Amino acid sequence: MSRVEYDTTNWVESDIYIFDAIVEAEEQAISTAQAIVDQYWIKFDSANRTVINNKKAGQDPKRKTAVLAPVLERGKSTGRRINRLVWQVFGTKGYQRANRGAGKRVAYGRGDYEYTYNPNTLLKHSVGWDAQSIIEAEAKLEPIRLTLKNYQRLLVSMAAKYRRIDRLTLKREKRYGE
């Protein structure tokens, strides 16, 4: 999932081993997160289908469809693929079989921990009957989100170290003609 595009030709063998181990651990965390997100989406889809079918049949016409769901967002940063676990709201009109990328991101909570959601923020977008599943899913996804962010920071700092070494080496060669 997250293929690395860094040039590791002049890296020390032990750093390459550590780098590959981090990438492998990151891929395992991503696959675990994807399984949790897929499981949530199956429940999300079936519950919303039930609400829509009950409305068509005239049962419980005031019940709203859920609009909040987690998404594994893929982006690009400093030469490699990154993955973010975010919650998205899929419109005020309710569920309309939207694809997973069509929603609007919910902002992270403000507080001591970055890249975490305040439960009240998520529950604000809840329609009531889906609150329990949102809290359960977030409890599973939060440690994975923080782990993925830490893996990203480690990989970026390792690559930055070698970019700095290369830059200083080139500067030294240019200055002293070595």
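**Group meeting talk: helices, rings and prolines**

Hi everyone, let me begin with a proline: P119 sits in helix α2, which spans residues 119–124. A word on terms: helices (H or I, at least four residues) and strands (E, at least two) are DSSP runs, numbered from the N terminus. P119 is partly exposed, with a relative accessible area of 42%. For burial, the cut-offs are under 20% relative accessible area for buried, over 50% for exposed, and partly exposed in between, with a 1.4 Å probe and protein chains only. Along the chain, P119 and I134 are 15 residues apart, and their C-alpha atoms are separated by 8.9 Å.

Please keep in mind that this is a predicted model, where local features need pLDDT of at least 70 and side-chain atom pairs count only at pLDDT 80 or more, while totals for chains, interfaces and linings use all residues. Residues are numbered from 1 along each chain as its sequence is written, and side-chain values use heavy atoms, with hydrogens and water left out.

Now the overall layout. The chain has 3 helices and 3 strands, and in sequence order the pattern reads α-β-β-β-α-α. Of the 178 residues in the chain, 34% are buried.

On to helix α1. With 44 residues, α1 reaches 63 Å from its first C-alpha to its last, close to the 64 Å expected at 1.5 Å a residue; that expected span is 1.5 Å times one less than the number of residues. Just after α1 comes G58, which takes a positive phi of about 90°.

How do the axes of α1 and α3 cross? Helix α1 (residues 13–56) and helix α3 (residues 131–176) have axes that come within 10 Å and cross at roughly 160°. The axes here are lines fitted to C-alpha atoms, for helices over the stretch in contact, with angles from 0 to 180 degrees between N-to-C directions. α1 and α3 are therefore roughly antiparallel to each other; that label applies to angles over 145 degrees, with under 35 being roughly parallel, 65 to 115 roughly perpendicular and the rest oblique. The crossing of α1 and α3 is left-handed, a term used if the near helix is turned anticlockwise from the far one by less than a right angle, with clockwise being right-handed. In the contact of α1 with α3, the residues divide into 21 nonpolar, 4 polar and 4 charged. Here Ala, Val, Leu, Ile, Met, Phe, Trp, Tyr, Cys and Pro count as nonpolar, Asp, Glu, Lys and Arg as charged, and the others, Gly among them, as polar.

Next, the aromatic rings. Rings of Phe, Tyr and Trp (its six-membered ring) pair if their centres lie within 6.5 Å; planes under 30 degrees apart are stacked, over 60 edge-to-face, and the rest tilted. By this rule there are 5 aromatic pairs. One of them is Y40 with F44, stacked at 6.2 Å centre to centre and 25° between the planes. Both Y40 and F44 lie in helix α1, 4 residues apart, about one turn of the helix. Y40 is buried at 7% relative accessibility, and F44 is buried at 5%. The Y108 and Y117 rings have centres 5.0 Å apart and planes at 45°, so this pair is tilted. Y108 is partly exposed at 23%, whereas Y117 is buried at 5%. Ring pairs also link Y40, W41, F44, W87 and F90 into a cluster.

Finally, where is P70 found? P70 is in strand β1, residues 68–77, and is buried with a relative accessible area of 1%. P70 and W41, 29 residues apart in sequence, are 8.0 Å apart in space, C-alpha to C-alpha.
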